[in-house]
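Please take me through this structure step by step, telling me what to select in the viewer and what there is to see at each stop.

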Amino acid sequence: MEEVVAAARQTDWSRLAERALCDACLGRLFGKLGHGHTNEARGRAIRAAVEVRDGPCWLCRGLTSEYDGLAAIVARKLEPWEYDTFLVGSKIDAEISAREESLWSELGVAHPEPMKAELNREVGKRVCDLVKREPNFENPDIVAIVDPAFDHVDLQVNSLFLQGRYRKLVRGIPQTRWPCRRCQGKGCDRCHGTGKMYETSVEEVIAAEVMRESEGTGHALHGMGREDVDARMLGRGRPFVLEIREPRKRHVDLAGIVERINRSGRVEVDRLEPSTRRDVVDLKEDRAAKTYRIVVRFSPPVDEAKVKKELALLVAQPIAQRTPSRVLHRRADTTRHRRLQDASVLRVDGALAEIHVTADAGTYVKELVHGDQGRTAPSLAERLGVGCEVLELDVLEIHDGA
Ligand SMILES: [Zn+2]
Ligand SMILES: [Zn+2]
């Protein structure tokens, strides 16, 4: 505290003239000096050493005496929500900030603390005592924004994130909810009023069970890449993070939810465990190779030895893929270069063959087989010199290192 008092003694207080300051506002002028004291305590020590007018505070107009009341409003507002950590933020009246900054320059103080920082901390401490939960500055469950001018508190309830790996056991459902192309989700004849292209999705099967327990207002599924609607996702499954927006409850019965999802017969998850927004970013930087099972029909039929030979020749070759014609309506026409890392022919039966391939992340596998009218080159169809139709496609493994 000597540091604070010494700095106060060097200040020319005559510049304050008739203006009075409360203890907190006085102490806050030196708020970044000395640790372990409230600004109010700093102010009392300063007032004992120098002459500063006491009285209705010119700077805060009484705001520093309202922290208890504001904290009570925050605590009440938080009551219906389940959370472990919180943070208090605030909107400070522009006039208070203006008076504060002009005072700093008039007095030439070097280490002041802004009103906003004091209010956030002081109200935060009081809320902590009232609700018996910890503040968290990095990643709070709920942020309470205090507007002292109107004794109003707004809550930002941060999303709940859960991660796991999913398996899609059936064809014909997309990874995420797909709004109807004609009505954009409003509901029309084409979608029978559902607003969706497909009756359900991996996202909806998983989220429905979590939503029921967490009582969130919305959800999103972030996957490490995605499979086509008509492809199954097998093997160990695909890593995902489920985001539940504005959950009322965060402590949900994860094992029970997993069990119910797995009873759907369409989607299975290996587990659900707590995750963060940062994990979503990591997922999106997907560089994992994938192994696929493909059933292909040749026309005309090709003998097995030739399929094996030509498929083997494709491995490790640079393959140029222009954006597939099937996705051109939503993606720019560019060319990407990928490689087949491994390929094997399991069986050839007349015109049908089952093959397994492992390809770089981001390879268009169907196009690698049928060639997309030369937009992918080389392709299996081009090598064999026959038409190749992909009848079935499944993802067997995602080599993400986990
Ligand atoms: Zn004040
Ligand atoms: Zn529609």
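How many aromatic pairs does the count come to? The model is a predicted one, and in it the count comes to three aromatic pairs. To see one of them, select Trp 13 and Phe 30, whose ring centres lie 6.2 Å apart and whose planes stand at 55 degrees, so that the pair is classed as tilted. Trp 13 belongs to the loop between α1 (2-9) and α2, while Phe 30 belongs to the loop between α2 and α3, so the pair ties together parts of the chain that are 17 residues apart in sequence. With a relative accessibility of 11%, Trp 13 counts as buried, and Phe 30 is buried as well, with a relative accessible area of 4%.

For another of the pairs, select Tyr 166 and Phe 240, where the ring centres are 6.0 Å apart and the planes meet at 50 degrees, so this pair too is tilted. Tyr 166 sits in strand β5 (residues 160-168) and Phe 240 in strand β7 (residues 231-245), so that parts 74 residues apart in sequence are tied together here. Tyr 166 is buried, its relative accessible area being 0%, and Phe 240 is likewise buried, at 1%.

Next, select the zinc ion (ligand 1) together with the side chains around it. The ion is coordinated through the SG atoms of Cys 22, Cys 25, Cys 57 and Cys 60, at 2.2 to 2.3 Å. The four donor atoms subtend angles of 105 to 116 degrees around the zinc ion, which makes the arrangement tetrahedral. Read along the chain, the donors follow the spacing C-x2-C-x31-C-x2-C. Within this site, Cys 25 in helix α2 (residues 23-28) and Cys 60 in the loop between α3 (39-49) and α4 (67-78) form a pair that links distant parts of the chain, 35 residues apart. Both Cys 25 and Cys 60 are buried.

At least two residues of the lining come from each of α10 (304-314), β14 (352-359) and α11 (365-370).

From there, move to the largest pocket, which holds about 1100 Å³ of space. Of the 40 residues that line the largest pocket, select Arg 226, Glu 227, Asp 228, Arg 330 and Arg 331, which lie nearest its centre. The lining of this pocket has 14 nonpolar, eight polar and 18 charged residues. Strand β6 (218-223) is among the elements that each supply at least two residues to the lining, and β6 gives the most, with three residues.

As a last stop, look at the second largest pocket, with a volume of about 530 Å³. It is lined by 20 residues, and those to select nearest its centre are Asn 139, Asp 141, Ser 159, Ser 275 and Thr 276. The elements giving two or more residues to the lining of the second largest pocket are β5 and α9, and β5 gives the most, with three residues. The residues of this lining divide into seven nonpolar, seven polar and six charged.

Definitions and conventions. Residues numbered from 1 in each chain as written. Chains lettered and ligands numbered in written order. Predicted model: local features only at pLDDT ≥ 70, side-chain atom pairs only at ≥ 80, totals over all residues. Heavy atoms only, no water. Donors = N, O, S within 2.8 Å, 3.2 Å for Na, K, Ca; no water. Tetrahedral: all angles 85-135°; square planar, octahedral: opposite > 155°, others 65-115°. Helix = DSSP H or I, 4+ residues; strand = E, 2+ residues; numbered from the N terminus. Buried < 20%, exposed > 50% of the residue type's maximum accessible area, 1.4 Å probe, protein only. Phe/Tyr/Trp six-rings, centres within 6.5 Å; stacked < 30°, edge-to-face > 60°. 1 Å grid on protein atoms, 1.4 Å probe; cavity = no way out; pocket = protein on both sides within 12 Å on 5 of 7 lines; lining within 4 Å. Points joined across faces, edges and corners; volume = space filled by probe spheres on them. Nonpolar A, V, L, I, M, F, W, Y, C, P; charged D, E, K, R; others polar.
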